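I hope they are handy to have beside you as you look at the model.

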Amino acid sequence: MFSEQAAPTAQGLLSPPSAKPPTFPRVPVSGYSDCSQPFQLGERSFSRQYAHIYAVRLAGMRPGLEQRARSRWGNDIALRKLSELQAGEKCCVVGTLFKDMQLQPSILQEISEEHNLVPQPPLPKYIQPSDELILEDELQRIKLEGAIDVQKLVTGTILAVYGSEQDDGKFLVEDHCFAGLPPPLPWTGPSSDRFVLLASGLGLGSVSGEALLSTQLLVDMVTGQLGAEGEQSCAAHITRVILAGNLLSQNTQSRDTLNKAKYLTKKTQAASVEAVKMLDEILLQLCTSVPVDVMPGEFDPTNYTLPQQPLHRCMLPLASAYATLRLVTNPYQANLDGVRFLGTSGQNISDIFKYSSMDDYLEILEWTLLAGHISPTAPDTLGCYPFYKSDPFILTECPHVYFCGNAPHFQSKLLQGKEGQQVLLVTVPDFSATQTACLVNLHDLTCQPITFSSFGADSED
Amino acid sequence: MADELYLENIDEFVTDQNRVVTYKWLSYTLGVHVNQAKQMLYDYVERKRKENSGAQLHVTYLVAGNLLQNGHVCHKVAVVREDKLGAMKSKLSTIASVHVYSIQKALLKDSSPLYNTDYDIVKTNLQHCSKFSAIRCAAAVPRTPPDPPRAPASAQSPQRQRDPDAAGAVNGHGPPAAKPPPQQPRGIMGMFAAKAAAKPQDTHKEAKAEAKEAPGVSAASSKPPTKNNIMNNFFGKAAMNKLKVSSVPEQPKEEKEVVKPSVAVAEPESSPNAVAEKPGKKTESARNQQKDKKSKTKRADRSDDEEERDLENVKKKRKRIKQLQSDSSDEEADVPPSPTPEEETAPSPPPVPALKTELEPTSTEGSAGGRKRKRKRVLKSKMFIDEEEGCMGKTGCALHSPELTLLT
């Protein structure tokens, strides 16, 4: 989308200095509103058990699922709770899935002395053919078998199964359904091209410096220093930059202070201090030119459990002097120019990746949208705050752009729903590995990757 | 000629100082627009090569354009050495821009010198890093520092809220450290003066309205920066006491009247006292409301109103303790605020029904809040019991049963 408009003046700067070069004004922000209040935790109390999340999740999603079940299997089907099941009767049950996995890391097994187990190393996937699915509701549970893909589904999903209870006490599933796409939001997008740049995994503070020039090129392009006039005027149409997590690299997480003796580590500074200073400078350059939303990620200095709270602005003294810097939560939801964005820094998707047979990040992203929940595996395998009033991860409205950060590579898809929903699914790649960011056009919901490269010692042109 | 000057400059940078001259570095050093810098570099290269074909110049270019990669059209932006320029241009299906990125004497093995040059020059120019850029953002203005605009802002906002007759008093609530102390006593006594002025009217509604506005005012002025509060801390309670005592003779009398709530109530010292107490109580109950709303507030976060009220509270506290009443102003425990309004209402005998009725909503609110909190705890255990009873027959649920849910 950039190139066609920019092409005519591409070679314009290969000439002697001309008259006063043009300066393009950045397109003004129109209609921004932050909708991530459900993800902002005020006072936090960890004195509750996690059972309440499942209770409110089931209670919150049950009505929608019952409606979907009726529309799918007929209005006259019997909706039963597990306690009301009768053997042989065809009925529909709504409940929470639990996947019994042998390889699932269990803290109790690890610390159990009688087993003398060495804690297992982290595996890329914890699925096994012997995994079993169990459906639970508020009071009881029952094993599922039949027309249901055990490998694909994960713990914590709310679904409706249609079938009957067998004599051996298991439930034979004939069909199942999820909550489906949430109801659509009205479309009030901009009337001309407006872009939002999505980038994630800047990975500052890592030992290798290859991605640093690419990061600099990204900043220069967005702030309008790079490129010929055509490209600069296109870049002026970027209304916002969203950094979706992992601004710091995993290397900053090393905790030598825990392993080494105190006299060795007393004077050393945490690696993240230097990285945050670098981040501050980069953000300052961006903030003087474009509004930036910064989401924390897995390796960023904020709380670990979802929803991650915004980075504190005291860490970014230079950049937070500007009103264009917005430190936001993970997950993040906002209306940008009338287009609803919803996205995470990728922890939810990568966690489902570990416990499901689905391999493709885009497929998992789409599946979470169809299942009606951003992160079903929380709190089972992904850290989560013990909510008890309501589960903020339940999808109640269908966003227009749904993204996840720190994916292995860039993918995007436009999903059409039956009720007129239109969702652009984007997996934002890890910038430190791929040097790729995404540019979303709000006008027509398209997405284009932008790759930056420089020449290294071994240029493979 | 001024135009030719840049050529000499670049010549000096590249050949004499042996620098890596990137367009950005040149733009900051010469103070020109980035596009002009790019064109200057190009011009220099062209001329130098024309006059001396054996010139020791290595140039890197920036190329950007569309590239078909992995099935989708990707916009590629690359910094390439001169020898690879043609190859890169041919790879791209559409070329969006080409320009000179840098000039240096030596052949670069990798791009880290480019990065370092840009990093250094940006570091020294952090305050105006978008000055020479081609895009100007109108929204990127630094946030206004809190001190100076505070006074007119806070004066205006409370004015909008308050009745016109009390406007002057509110000014004092806005706590600019820059403003000299006399404003504060004016404010403090102004508060009492305004309430004394309200005496003749003597309606519940007015007092109630004032109470409601008091949290509004304090909310408006509770944005004050730490600095102002530190200044006021500096003035300190002792200093504030002095100011209060010395400046207004009437004030201590009023304070004392306010301070003796329950005891003075019965006396027919009457309407001045009662009304003076009413506003005192109003601010207290308003403060209690406010405290209930605020969770652990740190000292630095308290507004000036609270400082003043703390002063009163300190005084009241002393008196209260004698009368077995604990003022919860400084305590942050949840439970005490709820009994205190109740305690206040208890000793104050019926002669002040107005006072009581007004306190009741706040006390019930406070106690309901306290009760609510207590209720929460009780409810939790009840839920456990229910679930335990419910789980029979089939094995316990892993997710829905609290005991078996593993705390991850």
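1. Cys404(A) is buried, with a relative accessible area of 0%. Please keep in mind throughout that this is a predicted model.

2. Over all chains, the search of the whole structure turns up 0 disulfides. Another cysteine to look at is Cys384(A), which is buried at a relative accessible area of 1%.

3. Next, a proline in a loop. Pro317(A) sits between strand 11 (292–295) and strand 12 (325–327) of chain A. Pro317(A) counts as exposed, with 52% relative accessibility.

4. In chain B, do have a look at how two helices pack. Helix 2 (residues 23–30) and helix 3 (residues 34–51) of chain B have axes 8 Å apart, at an angle of about 110°. The two helices of chain B, helix 2 and helix 3, are therefore roughly perpendicular to each other, and their crossing is right-handed.

5. Which residues make this contact between helix 2 and helix 3 of chain B? From helix 2 come Tyr23(B), Leu26(B), Ser27(B) and Leu30(B), and they meet Val34(B), Ala37(B), Lys38(B), Met40(B) and Leu41(B) of helix 3. By type, the residues of this contact are 7 nonpolar, 1 polar and 1 charged.

Note on methods. Residues are numbered from 1 along each chain as its sequence is written. Chains are lettered from A and ligands numbered from 1 in the order in which they are written. This is a predicted model: local features need pLDDT of at least 70, side-chain atom pairs count only at pLDDT 80 or more; totals for chains, interfaces and linings use all residues. Side-chain values use heavy atoms; hydrogens and water are left out. A disulfide is a pair of cysteine sulfur atoms within 2.5 Å. Buried means under 20% relative accessible area, exposed over 50%, partly exposed in between (1.4 Å probe, protein chains only). Helices (H or I, at least four residues) and strands (E, at least two) are DSSP runs, numbered from the N terminus. Axes are lines fitted to C-alpha atoms, for helices over the stretch in contact, and angles run from 0 to 180 degrees between N-to-C directions. Angles under 35 degrees count as roughly parallel, over 145 as roughly antiparallel, 65 to 115 as roughly perpendicular and the rest as oblique. A crossing is left-handed if the near helix is turned anticlockwise from the far one by less than a right angle, and right-handed if clockwise. Contact means heavy atoms within 4.5 Å. Ala, Val, Leu, Ile, Met, Phe, Trp, Tyr, Cys and Pro count as nonpolar, Asp, Glu, Lys and Arg as charged, and the others, Gly among them, as polar.
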